[in-house]
Amino acid sequence: MRFFGHLTEKPWLPAQGRIDDLHDGAAFSLPKAELALRIFLAVVTVLFMLLTIAYAERMVAESWRPAPPLRLLWLNTGMLVLASAAFQWAKIGVDRAESSPLSRPREMEHVKWGLIAAGVFGSAFLGGQMVAWWQLNSMPSFDITHPAVAFFCLITGLHALHMLGGLVAWGGTATRLSDDVDLARLRLSVRLCAIYWHYLLAVWLVLFGLLFSGDENLGFLLAICGLK
């Protein structure tokens, strides 16, 4: 409703001019860091969408062969889900610590263990992905010129690079934990980490569900890309 209200504004009228003079000049209510993160994630979304569409377009060629299934990816997916849940737990803890000073020591313990768990599960996901690449490489049918295999390495590699960036941010947040920490700054840092890791989980679930969890989903991918 607010958007349509802006469309009907008449800035040339004196009454509207007085209203505009009261505006504080801020275009967004989000912190600058969160706004920058959201813009970055929008760009990353476009990148993965283009890769998914390219994957689907290559599938319709006669020479297409699906990539060999890797059961380890299911376990890796579970690790990523747990990492995202741990970040959410830490975010809830720091929110409560800021809103209720009396319970701050207890909630900061939750934040600490939530961040530790997030780092452990996130690292486990990356380690599992490396093992998956090794398993794929050790298969007799492995051929890097195989389109599906090449796409698998490219897409999972890009996702892993973003995971590494997330671990760097996680490390910076974890080192801020101390008794005299600035809660407002820590809260923003944990919130940004949680948003980033929830996003990485969502991207992985889409990629894993459409591309790497079995041949039965490939037809659905072609349908949503308008290729079938």
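A residue counts as exposed when its relative accessible area is over 50% and as buried when that area is under 20%, with partly exposed residues in between. Against that scale, Trp 74 in this predicted model is exposed, because its relative accessible area is 55%. The protein chain that carries this residue has eight helices and zero strands, and buried residues make up 38% of its 228 residues. The points below go from the overall fold to the salt bridges, the aromatic pairs and the nonpolar core.

**Overall fold**

- Read from the N terminus on, the elements of the protein chain run α-α-α-α-α-α-α-α, in keeping with the count of eight helices and zero strands.
- Of the contacts in the protein chain between residues at least 6 apart in sequence, 81% join residues that are at least 24 apart.
- The protein chain exposes about 13,300 Å², and carbon and sulfur atoms supply 68% of that area.

**Salt bridges**

- The structure holds seven salt bridges, and one of them pairs Glu 34 with Arg 38, whose closest N and O atoms are 2.8 Å apart.
- Glu 34 and Arg 38 are four residues apart in helix H3, which spans residues 32-59, and so they are separated by about one helical turn.
- Glu 107 forms a salt bridge with Arg 106, the closest N and O atoms being 3.5 Å apart; here Glu 107 is buried, with a relative accessible area of 3%, while Arg 106 is exposed, with a relative accessible area of 52%.
- Salt bridges that share partners also join Lys 91, Asp 95, Glu 98 and Arg 187 into one network.

**Aromatic pairs**

- The count of aromatic pairs comes to five, among them Trp 74 and Phe 208, whose ring centres are 4.9 Å apart and whose planes stand at 80 degrees, so that the pair is edge-to-face.
- This pair links distant parts of the chain, since Trp 74 is in helix H4 and Phe 208 is in helix H7, 134 residues apart.
- In contrast to the exposed Trp 74, Phe 208 counts as buried, at 5% relative accessibility.
- Phe 208 also pairs with Trp 204: the ring centres lie 5.8 Å apart and the planes are at 10 degrees, so this pair is stacked.
- Trp 204 and Phe 208 are four residues apart in helix H7, and they are therefore separated by about one helical turn; both residues are buried.
- Ring pairs link Trp 74, Phe 125, Trp 204 and Phe 208 into a cluster.

**Surroundings of Thr 156**

- Thr 156 lies in helix H6, which covers residues 147-174, and it counts as buried at 1% relative accessibility.
- The side chain of Thr 156 makes a polar contact of 2.9 Å with the side chain of Trp 133.
- Leaving aside residues up to four places away in sequence, Thr 156 touches Gln 129, Trp 133, Trp 204 and Phe 212.

**Nonpolar core**

- The largest nonpolar core has 56 residues, and those with the most contacts inside it are Tyr 55, Leu 73, Ile 155, Trp 197 and Phe 212.
- The elements that give two or more residues to this core are H3, H4, helix H5 (104-138), H6 and H7, and the largest share, 19 residues, comes from H7.
- Trp 197, one of the residues with the most contacts inside the core, touches Leu 80, Ala 83, Ser 84, Phe 87, Gly 122, Met 163, Gly 166 and Leu 167, not counting residues up to four places away in sequence.

Technical notes. Residues are numbered from 1 along each chain as its sequence is written. This is a predicted model: local features need pLDDT of at least 70, side-chain atom pairs count only at pLDDT 80 or more; totals for chains, interfaces and linings use all residues. Side-chain values use heavy atoms; hydrogens and water are left out. Buried means under 20% relative accessible area, exposed over 50%, partly exposed in between (1.4 Å probe, protein chains only). Contact means heavy atoms within 4.5 Å. Accessible areas come from the Shrake-Rupley method with a 1.4 Å probe; for residues, only the protein chains shown count as cover. A salt bridge is a side-chain nitrogen of Lys or Arg within 4 Å of a carboxyl oxygen of Asp or Glu. Rings of Phe, Tyr and Trp (its six-membered ring) pair if their centres lie within 6.5 Å; planes under 30 degrees apart count as stacked, over 60 as edge-to-face and the rest as tilted. A polar contact is a pair of N or O atoms within 3.5 Å; within protein, one must be able to donate a hydrogen and the other to accept it, and residues adjacent in sequence count only if both atoms are side-chain atoms. A nonpolar core is a set of buried Ala, Val, Leu, Ile, Met, Phe, Trp, Tyr and Cys residues joined through side-chain atoms within 4.5 Å.
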